[in-house]
Amino acid sequence: MNTPAKAPLTRQQVIDRAAELGITADRLRFFDEETINGEGGGSAVDEVEFSVSATELYDYTQLTDVALRSVREPAEGLFIAESSKIIRRAHAAGMVPRSYLTSPKWLFDLADLIAAYDAPIFIGTDAAVEALTGFHLHRGALAAMHRPAMDDVSQLVAKARRIVVIEDVVDHTNVGALIRSAAAMGVDAVLVTPRCADPLYRRAIRVSMGTVFQIPWTRIDPWPGSIDTLQDAGFVVAGMTLGEGAITLDELVAEEHDKLALVFGSEGHGLTRATEQRLDRRVTIPMMGGVDSLNVAASSALALYATRLH
């Protein structure tokens with residue numbers, strides 16, 4: 001016998017339950033597919049207007065358009081945190097919310113966190129959320145967050161002994177995985193070159209499991225000219241490469257450098273020639289079994305484990 005599906009909560013039920021959990025009614029904004037299509041009219045509950053206009057949802061539009069969002073989000077000073085777990089980690093790291101987007105069934109899962117802020121909460125039906133964002137939201141919620149100010153390279157370098165530089169890696173999955181490995185291996189800071197993908201893009205954040213919020217990072221520019229900044233601060237700058245004449249990772253570890261900056265190049269061509277010419281060390285991971293190379297995320301995990309500080 002099939003169990004009948006539960007009827008969706010009414011707006012008034014959501015409002016009443018939210019109030020019980022410390023979320024004031026004036027923060028709630030309801031929307032449906034008509035709102036997304038620009039057809040939504042006003043809808044009042046207990047003489048309070050809870051409907052939302054399509055323009056208020058602008059932060060969450062076209063989330064699947066990578067090229068558009070990669071330009072819009074930094075320019076508009078925001079980033080998107082996806083899933084209850086990531087939102088919690090963003091808040092724990094001091095990120096400040098602009099707004100939240102969720103469906104009624106997931107609102108209460110985050111109520112303990114959301115109640116402490118005054119940002120608006122957009123609540124849509126599953127169909128409306130998918131129509132707005134471009135994908136089915138199955139991880140609970142989204143939050144538009146204020147993008148934090150970028151740290152100065154010299155400030156991060158001054159306090160570090162282990163640094164990762166990500167050169168021109170354009171795949172957000174690889175960037176997220178690199179940052180997760182860096183955090184797991186105790187790296188002090190991550191520097192990303194001007195052409196590298198955004199570490200605060202939604203997918204990069206998700207793959208990093210929110211560790212992008214806990215490890216200091218910033219853009220390093222100009223590149224590779226700023227390698228001098230690292231060397232002047234006492235770092236041995238080592239680039240991972242498949243090129244001939246490189247020392248092995250074991251040989252680098254045996255040198256026992258107190259300050260080490262590891263540079264990881266792009267997925268296709270690896271490090272640029274201009275970067276390789278400025279490096280203190282060119283380092284390779286010897287391959288066996290007929291394998292010619294590793295994905296940049298995999299190679300970073302090996303290299304960072306091997307060179308970690310004990």
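Just after helix H4, Gly-94 takes a positive phi of about 90 degrees. Before going further, a word on the model: it is predicted, so local features need pLDDT of at least 70, side-chain atom pairs count only at pLDDT 80 or more, and totals for chains, interfaces and linings use all residues. Residues are numbered from 1 along each chain as its sequence is written, and side-chain values use heavy atoms, leaving out hydrogens and water.

Let us step back to the whole chain. You will find 14 helices and 14 strands in it; these are DSSP runs numbered from the N terminus, with at least four residues (H or I) for a helix and at least two (E) for a strand. The C-alpha trace spans about 75 × 45 × 35 Å along its principal axes. Of the 310 residues, 47% are buried, a word that stands for under 20% relative accessible area with a 1.4 Å probe, protein chains only.

Now return to helix H4, which covers residues 84–92. Its buried residues are Ser-84, Ile-86, Ile-87, Ala-90 and His-91. They cover an arc of only 165 degrees around the axis, which puts them on the same side of H4; the arc is taken from the directions from the helix axis to the C-beta atoms. Among the elements covering the buried residues of H4 are strands E4 (78–82), E5 (97–102) and E7 (141–146), along with helix H10 (202–207).

How many aromatic pairs does a search of the whole structure find? There are two, where rings of Phe, Tyr and Trp (its six-membered ring) pair if their centres lie within 6.5 Å, and planes under 30 degrees apart count as stacked, over 60 as edge-to-face and the rest as tilted. Tyr-60 and Phe-122 are edge-to-face, because their ring centres are 6.3 Å apart and their planes stand at 80 degrees. Tyr-60 sits in the loop between strand E3 (48–49) and helix H3 (66–76), and Phe-122 in strand E6, so this pair ties together parts 62 residues apart in sequence. Tyr-60 counts as buried because its relative accessibility is 0%. The rings of Phe-79 and Phe-213 have centres 5.6 Å apart and planes at 35 degrees, so that pair is tilted. Phe-79 lies in strand E4 and Phe-213 in the loop between H10 and strand E10 (217–219), 134 residues apart. Both Phe-79 and Phe-213 are buried.

Methods
Buried < 20%, exposed > 50% of the residue type's maximum accessible area, 1.4 Å probe, protein only. Contact = heavy atoms within 4.5 Å.
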